[in-house]
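Dear colleague,

Here is the structure I am handing over to you.

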Amino acid sequence: MITSNKNSYELTLKAITKDSNVNSVVIKEAGVATLVSEDKTIYICLDPKTDLEGLKKVVENFVSSNKYDLNVDLNSFVEIFENKEETFQVLTEAFMFWAHQVVELKKETVKQKSYDLIFDAKYTSIFEESEVKIEFVNFARDLQDLPPNIGTSVEIANRIEQKAKEIDGIKVTIYDKKQIEDMKMGLFLGVNAGSHIEPRLVVLEYVGDPSQKRTALVGKGITFDSGGYNLKPSNFLENMKFDMSGSAIVSSTVMALAKRKAKCNVISVGLLTDNRIGGKATLTESVVTSMNGQTVEITNTDAEGRLVLADGITYAIRNQKAERVITVATLTGAIAIALGRWFTGTFSKHDGFYSEFEQAAKSAQEPVWRQPLIKEHLKAMQCSKVADLTNSEPGREAGSSTAAAFLDSFAEEKEYIHLDIAATADINRRGRAPMTRTMFELLK
């Protein structure tokens, strides 16, 4: 639990440097914490040259091993670094993130320690904004961490709806299978065909300023991805419960913006289903028709995320009149090969929109890296003999870019950005809800 300026606990965490004049028993090594009982203080030594990523890591390491409820003297941390407001924001959000009680279904769980953050009044507005952002980052993480037998499409839709109803100004619409059929979302339904659990299309709308461009955030929500008839081998089935991360992230972003009463015009579109094998499952080489009329040959049933997103983009543009679209998805293994876990892969042909997004990512302290998106990538997806598109390019060239080109072909020339979070959505079997903060910064 995080509180602020209550001075609630007996012990206080205070930052020092190796030059600080403190009790001689304090170990002055960067990152090392020393408890001095007579001072009722834990001193943690910091190097003033530590960058913001390093500072996040210090907080992570401390919180993961801490055994006490603590006051945290954030002023002592901030004074060590030059960019004080940015440092304050990073520290505040790091404590809120790492002190969160994550989903555990064990018979006995370890309760996270509590922290009361102590800081000057001049930082109050930063704290309040970070508090809202991280509340919904943590909500998305909780959805990510649900095991797939609990976190079904129906259950996740219900949890998003319940959370959204706590916030003024949000319109919640949840479409069931019959309604999805009525909208002719053939790609989405093709992925769901093998499941005994109905799909759900979860739409949150928030209009804080109707004069702003209407922006749609479209999230992949595959609650478990078996690969379908292109069945994944056992080692690739690990962490497939996180394939719904995009839907959790886009829904949480809209809720955060609404709770903060941001001056924006935004909707989220979450497309929730699992991808299973079954008597009615879509077969490889089937041809299905998308909501916008394009036909797609399913050359790989394990390239299902782009199918649900394509129908989601069409819904956002045609039914919700979106002028700009961002898709968020754990889409391709290829992005992990290209960028590792250090960057979210980003794709766009619209330089102005992307420039805004890139600045927001910098403000949010979320590393992104722009990838190529050229006409040849789309041509690679137009190789089917029987349909307008194939859902999986032949060969192994530029897999992330060709997937992005497939999606871009449904964007109807609207401003469009695609975020491939396949390598950043989760780390060590825990959800991280990447890009929630960046999209909040972009739209707030």
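Helix H7 (residues 186-192) gives the largest share of the lining of the largest cavity, 3 residues. Helices here are DSSP runs of H or I with at least four residues, numbered from the N terminus.

This is a predicted model, in which local features need pLDDT of at least 70 and side-chain atom pairs count only at pLDDT 80 or more, while totals for chains, interfaces and linings use all residues. Residues are numbered from 1 along each chain as its sequence is written, and side-chain values use heavy atoms, without hydrogens and water.

A cavity is a set of points, on a 1 Å grid over the protein atoms alone, where a 1.4 Å probe fits but cannot get out; lining residues have an atom within 4 Å of a point. Points are joined across faces, edges and corners, and the volume is the space filled by probe spheres set on them.

The count is 2 cavities of 30 Å³ or more. The largest holds about 110 Å³. It is lined by 14 residues, of which Gly190, Val191, Asn275, Thr282 and Thr301 are the closest to its centre. That lining has 7 nonpolar, 5 polar and 2 charged residues (nonpolar: Ala, Val, Leu, Ile, Met, Phe, Trp, Tyr, Cys and Pro; charged: Asp, Glu, Lys and Arg; polar: the others, Gly among them).

The second largest cavity holds about 40 Å³, and its lining is made up of Lys349, His350, Asp408, Ala411, Glu413 and Lys414. Of these, 4 are charged, 1 is polar and 1 is nonpolar.

The whole structure has 0 disulfides (pairs of cysteine sulfur atoms within 2.5 Å).

Regards

Conventions: 1 Å grid on protein atoms, 1.4 Å probe; cavity = no way out; pocket = protein on both sides within 12 Å on 5 of 7 lines; lining within 4 Å. Helix = DSSP H or I, 4+ residues; strand = E, 2+ residues; numbered from the N terminus.
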